[in-house]
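Hi,

Here is the structure I promised to send over.

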Amino acid sequence: MMKTIGLLINPISGMGGSVGLKGTDDLYEKALALGAEKVSSKRAEIFLESLGNIKDTLFLVPSGEMGEDPIKNKGLQYEVVYSVNGLTSKIDTLKTIEEFKKRKVEIIIFCGGDGTARDIYEAVATEIPVIGIPAGVKMFSSVFAINPKAAADILKAFLDGSSKYKDSDVLDIDEESYRADKFKMKLYGYLKTPYIPHLIQDAKSLFEGHDEEMAKEGIAVFASEFMSDGSLYIVGAGSTTAKIAEVMGIKKTILGVDLIKDEKLIASDVNEKNILNLIKNEKSVKIIVSPIGAQGFVFGRGNQQISSQILRKIGKDNIIIIATPQKLENTPFLLVDTGDAELDDMLSGKTLVICSYRMAQRKEIRKD
Amino acid sequence: MEKTKIFLDENYMPKRWYNIQADLPKPLPPVYSPRTLKRATLEELSVLFPMEILKQEVSQERWIDIPQEIRDIYAVWRPSPLYRAIRLEKALKTPAKIYFKWEGVSPAGSHKPNTAVPQAYYNMKEGTQTITTETGAGQWGSALSYATSLFDITCRVYMVRVSYEQKPYRRNLIHLWGAEVFPSPSNKTNAGRSILKENPEHPGSLGIAISEAVEDAATHEDTKYSLGSVLNHVCMHQTVIGLESKEQFKMEERYPDIVIGCVGGGSNFAGISFPFLHDKLKGDKKDLRVIAVEPQSCPTLTKGLYAFDYGDSTKLGPIAKMFTLGHDFIPPGIHAGGLRYHGASPIVSALKDQNIIEAQAYYQTEVFEAAMLFAQTEGHVPAPETAHAIKSVVEEAKKCKQTGEEKVILFNASGHGHFDLKSYELYLHGKLTDFEYPTELVKQSLKKLPKITED
């Protein structure tokens, strides 16, 4: 029997990442002006290509880059159910979902970030199961598969009846305050998500508490010692890396990427271009980052300013990963998803994660 | 038919300890006082240790008699059996012949009483009324409380608070043998009180417990301090292990090609290996390989610096030349608590520095995997410390499988793991963390060692 699937893509999702905008919700034009590239359609294509030759399945899509463009020429059966006019917006998402509902789709696949997840939640709640293909800048919600290929695996499991359901929380932070270095996280509701264990990210968690603060302090003091080696350090986002700056007496943005050399702040809240410019004439450049939330993403979710081009230039040996034991306890392995498959391969394998003063844990980095 | 157990009659129990200092190619560098940064004098150290122990510490005599009173007590569990690990060999499909000396038969369940008993004895001889010591998870504390109970000496054990609360069984053993045990930091000492004043909930550390035990000994009449590893006399007391093994190998008409032991402070490793190293140093067994095994999280011999350093984090103990990760290094909470020491025995360090012995380091998870294999083939459940030696044995035996060599491998099974089942449970649930020492990043941080100019 033919199964009907709704597919929709938020074409502007993820664009703010590499240009340091921390979300693209209201800043599409600014992102474009900064030279941002569209990422979500590429990710949707990877998803579709990973599906292989699935039979008895009809995809319902909106027109243009919201669905039709990426699915064309993929050998998949599809039908355009809604026409998009001009710049895409939330209205288009809601209207597309209305059409999906009319046609009684069995599942909705969307490609975007937390903003898109919120729009979908508004329209379907738990009525229809949903799978998220990660493409946004902010992806705190646990509706997302860890990567486009995993999303394809989940869909295949859903179609052959081997998947299970779980409630996935829809989280989002206020982009305005996110850009101003404040985390204001809100739980908007739950979506019903099929899953194969280990392929869906847990909601990103922010750890607080006395003990973890002590661990951060230990990491920061150690880092401040070994970072005085004359190298330029590209310091990633997060409260653990921010602690290093605090120990050094420097003010660092919590959510942005900053550059530090010999305990001095060289540049704050830099984007990919700034970094490439500033490292051009440096003898030694190193990266110090902390995995993001409980999902354990080192590169690819958050820290997108440190692009694959930068990572290739600096090399695996000059990447230092730090994380508190509390964070690592909930992170069985670390993940990379730089959008550059060969680089992801290079970054995979066993690695050291500095977890306290002069101590590391041995963790595995997996590509998604 | 090959024997599984090689027993030695009590009459053949060693009558003398072997003091390897007599055979070292170069004499050990001197020990310095933490107070004056000059050579430590015996008088200075006599506040903490009885004179006979201090004489043994610096003795250059090759053989030192074991008093009959001590041999009588040793007889409770010595000579310990030498086992042939036939089932482990089969599981590994190795042509290697694996032997282990089983020290888990002592009352405390490890090699520790081999030195606790003589230390208590010499203290009794010199009129000591009370001995103080520190203990981490309780292995040493229980051995010393057993030994002091035999000579009517009061024993006060400062046990790291977090272990005191979380690992009640060793604490119960200490009580059972009549010693007093306090969670450290305690309000018994100035060191403890000052820490509790700042943080009444302080979890404690081995460094703090050492300070408390040393302060207690130094400030009370007829009270001495005792250490369970690292020092020369402790290593020497443990040589009964290797001396017996040599006799047992004579009965087998074999001699080991490889001798393996785990290293925290170094005493059980010294115990099994020094008597065999005697033959190597004499030139009789030039090809003998001796391997010290340590955790990746505390890789003193493989990644440390050979330098003068304090023996304890509070800088109260003497300064000795040894492999060290820095006295301010606090190893992470791995399950082989006995291997969590920033330094190593000065003798073991010197042997490593002169390439007379080798060192290897392994991760916690792979160590437990080897321990499981051992328990499932040989039956005995090893302590997590011992499991480090087993991991090395497995690796060496696998090499023999590749080359077809029938090497004879001996390791010291230093203790049983009956009080460590919680750690096994975590391993079985995939919850063990592999810690690793970030060597490169730390190299620059080893700047805080005491400045000693060798004279």
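Thr130(B) stands opposite Thr223(B), which sits in strand 9 of chain B. Before going on: this is a predicted model, in which local features need pLDDT of at least 70 and side-chain atom pairs count only at pLDDT 80 or more, while totals for chains, interfaces and linings use all residues. Residues are numbered from 1 along each chain as its sequence is written, and chains are lettered from A and ligands numbered from 1 in the order in which they are written.

Strand 6 (residues 130–135) and strand 9 of chain B pair in the parallel sense over 3 bridges. Strands here are DSSP E runs of at least two residues, helices H or I runs of at least four, numbered from the N terminus; two strands pair if DSSP finds at least two bridges between them. The open, parallel sheet has 4 strands in the order 8-7-6-9 (chain B). Strand 8 (180–184) and strand 9 (223–225) of chain B are at the edges with a single partner strand each, so one side of each has no neighbour in the sheet.

Now to the contact between chains (two residues touch if their C-beta atoms, placed from the backbone, lie within 7 Å). Chain A brings 10 residues and chain B 13 residues. Strand 16 of chain A gives the most to the chain A side, with 4 residues. This strand is joined by 2 bridges to strand 16 (residues 435–436) of chain B, and the two run antiparallel. Gln361(A) has Phe435(B) as its bridge partner there.

Best wishes
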